[in-house]
Amino acid sequence: MSDKILKFLENVSGLIWGLPLIILLIGTGIYLTIRVGFLQMRLLPYSLKLAFSFKQDKNSEGDISHFQALMTALAATVGTGNIVGVATAVVLGGPGAVFWMWISAFFGMATKYAEAVLAVKYRIVDENGQMSGGPMYYLERGLKQKWLGILFAIFGALAAFGIGNLVQSNAVSTVVKTTFNINEWVTGLALVIFAGLSIIGGIKSIGRVTAFFVPFMAVFYIIGGLIVLIMNINLIPGAVALIFTDAFTGKAVAGGAIGAVIRYGVARGIFSNEAGLGSAPIAAAAAKTDLPGRQALVSMTQVFIDTLVICSITGITIVMGGLYNEGIAAGDLTSASFAQFLGNTGSIIVALGLLFFASSTILGWSYYGEKCFAYLFSVKSVIFYRIVFVAMVFVGAVTSLDIVWAFADIANGLMAIPNLIGLLGLSGVVVYETKRTLDKIKEEKVEARKETA
């Protein structure tokens, strides 16, 4: 019976994540890129500087800093997709899939920017005096379609238990068992304590934990990957050349299916950075900021860090290793590729990276889920959601979850549909707020020049 349910869910997931949704996601990114004047190219240096500046406007409304909001979003986004997702793209789509991951990320930066603009623009102060925002609020208050907001919140709350909880704790317990031979229930208890202490305190607690935890985990994996690349720098030109040529030929895929290269590259890229799904703007809405556009620029860097930095390291290492045609399962390919260059140390780097990434994803998605839950019910009900969410972390650590994976994929895809409708319908608001932000930045530059003159 369970096999039939799994097969049915996988078929539904394949239908939802088919070409129409991928085209809609990329098409929305292209449209928004044009409307905001290729902002992701022009203001990326400023955005990165703003994101990693620890100066904070104390007078701005919000619960957490730009940096904490970015780290909370990265906590949820940087996960198994950066290790297993990239490997899946290369196995199913060939080396050229990495190129299409880059393309999806470039346009996804504009999508992520627009999501954050609208999240801050239409956020509210809840009964506890904290900020609440995200697609459910801009669909209701901006687009005037509350039913779409309700749909998004339902799918978001469900997806949080799946992709943001059960499957992540399962990934952690599996890798700890395989690498360090520690029993799953021990890992499950450790995760429950870690998640409980971080989650029960709400967004301010989550923000503090992720502001410390996420930079550490990202730097750890990036340094490990850079060691591989630098030690084998002579292989990089060939690997990059193969990525570019295969992106338009598809020779590495059976039958030269160029469509498969594009589809799996784009799909895995979106799965990794979540641009268009509507999850990250929930964290952006909590940030202290004077203008929606300013926090949106910070949010935009999330896609850059997630896909154009971390996923690129994984993808280039896999292509350099050349093991993607040898029948190795996608879940083991990244580890095998790192081990090819660094021996057992490479496997440990990937294992610890997956452990850190999956653990942090639980924190980020717990916040997304509780905000969706609060929208559907009430702020007072959130404490019950947090308790159940933390308890389910243990369940995921000790249970096989193929059905949950498939169900979570479905919920993730369904989140995107109302969110994309909101982004397209409110694109004029995004353009207006972008102009306000650009004018403010120009004004600040003039003032800074006057002060130094």
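This is a predicted model: local features need pLDDT of at least 70, side-chain atom pairs count only at pLDDT 80 or more; totals for chains, interfaces and linings use all residues.

Me: Why is Asn419 called buried?

Reply: Buried means under 20% relative accessible area, exposed means over 50%, and partly exposed is in between (1.4 Å probe, protein chains only). Asn419 has a relative accessible area of 0%, so Asn419 is buried.

Me: Where does Asn419 lie, and what does Asn419 touch?

Reply: Asn419 lies in helix 19. Helices here are DSSP runs (H or I, at least four residues), numbered from the N terminus. Contact means heavy atoms within 4.5 Å. Leaving aside neighbours within four places in sequence, Asn419 is in contact with Glu115, Pro135, Tyr138, Phe152, Gly276, Leu277 and Gly278.

Me: What makes helix 8 mostly covered?

Reply: In helix 8 (residues 135-142), 6 of its 8 residues are buried. They are Pro135, Met136, Tyr137, Tyr138, Leu139 and Gly142. Just after helix 8, Lys144 takes a positive phi of about 65 degrees.

Me: Is Ser53 buried or partly exposed?

Reply: Ser53 has a relative accessible area of 25%, so Ser53 is partly exposed. The place of Ser53 is the loop between helix 4 and helix 5 (66-77). Ser53 and Leu226 are 173 residues apart in sequence and 24 Å apart in space, C-alpha to C-alpha.

Me: Why does Asn232 count as buried?

Reply: The relative accessibility of Asn232 is 15%, so Asn232 counts as buried. Asn232 sits in the loop between helix 11 (203-231) and helix 12 (236-249). Not counting residues up to four places away in sequence, Asn232 touches Met320 and Phe341. Asn232 and Ile313 are 81 residues apart in sequence and 13 Å apart in space, C-alpha to C-alpha.

Me: Why are helix 4 and helix 15 called roughly perpendicular?

Reply: Axes are lines fitted to C-alpha atoms, for helices over the stretch in contact, and angles run from 0 to 180 degrees between N-to-C directions. Angles under 35 degrees count as roughly parallel, over 145 as roughly antiparallel, 65 to 115 as roughly perpendicular and the rest as oblique. Helix 4 (residues 44-51) and helix 15 (residues 292-321) pack at an angle of about 100 degrees, with their axes 8 Å apart. Helix 4 and helix 15 are therefore roughly perpendicular to each other.

Me: Which residues make that contact?

Reply: Helix 4 gives Leu44, Tyr46, Ser47, Leu48, Leu50 and Ala51, and helix 15 gives Arg294, Leu297, Val298, Met300, Thr301 and Phe304. The residues of this contact divide into 9 nonpolar, 2 polar and 1 charged. Ala, Val, Leu, Ile, Met, Phe, Trp, Tyr, Cys and Pro count as nonpolar, Asp, Glu, Lys and Arg as charged, and the others, Gly among them, as polar.

Me: What makes helix 6 and helix 7 oblique?

Reply: Helix 6 and helix 7 (residues 96-121) pack at an angle of about 130 degrees, with their axes 8 Å apart. Helix 6 and helix 7 are therefore oblique to each other. Val86, Ala89, Val90 and Gly93 in helix 6 meet Ala97, Val98 and Met101 in helix 7. By class, the contact has 6 nonpolar, 1 polar and no charged residues.

Me: What is the volume of the largest pocket, and which residues lie nearest its centre?

Reply: On a 1 Å grid over the protein atoms alone, a pocket is an open set of points with protein on both sides within 12 Å along at least five of seven lines, a cavity is a set where a 1.4 Å probe fits but cannot get out, and lining residues have an atom within 4 Å of a point. Grid points are joined across faces, edges and corners, and a volume is the space filled by probe spheres set on the points. The largest pocket has a volume of about 1,200 Å³. Its lining has 38 residues, of which Val84, Thr88, Ala330, Gly331 and Trp405 lie nearest its centre. Helix 9 gives the largest share of the lining, 7 residues.

Me: Why does Thr88 count as buried?

Reply: Thr88 is at 17% relative accessibility, so Thr88 counts as buried. Thr88 is found in helix 6.

Terms used: Residues are numbered from 1 along each chain as its sequence is written. Side-chain values use heavy atoms; hydrogens and water are left out. Helices (H or I, at least four residues) and strands (E, at least two) are DSSP runs, numbered from the N terminus.
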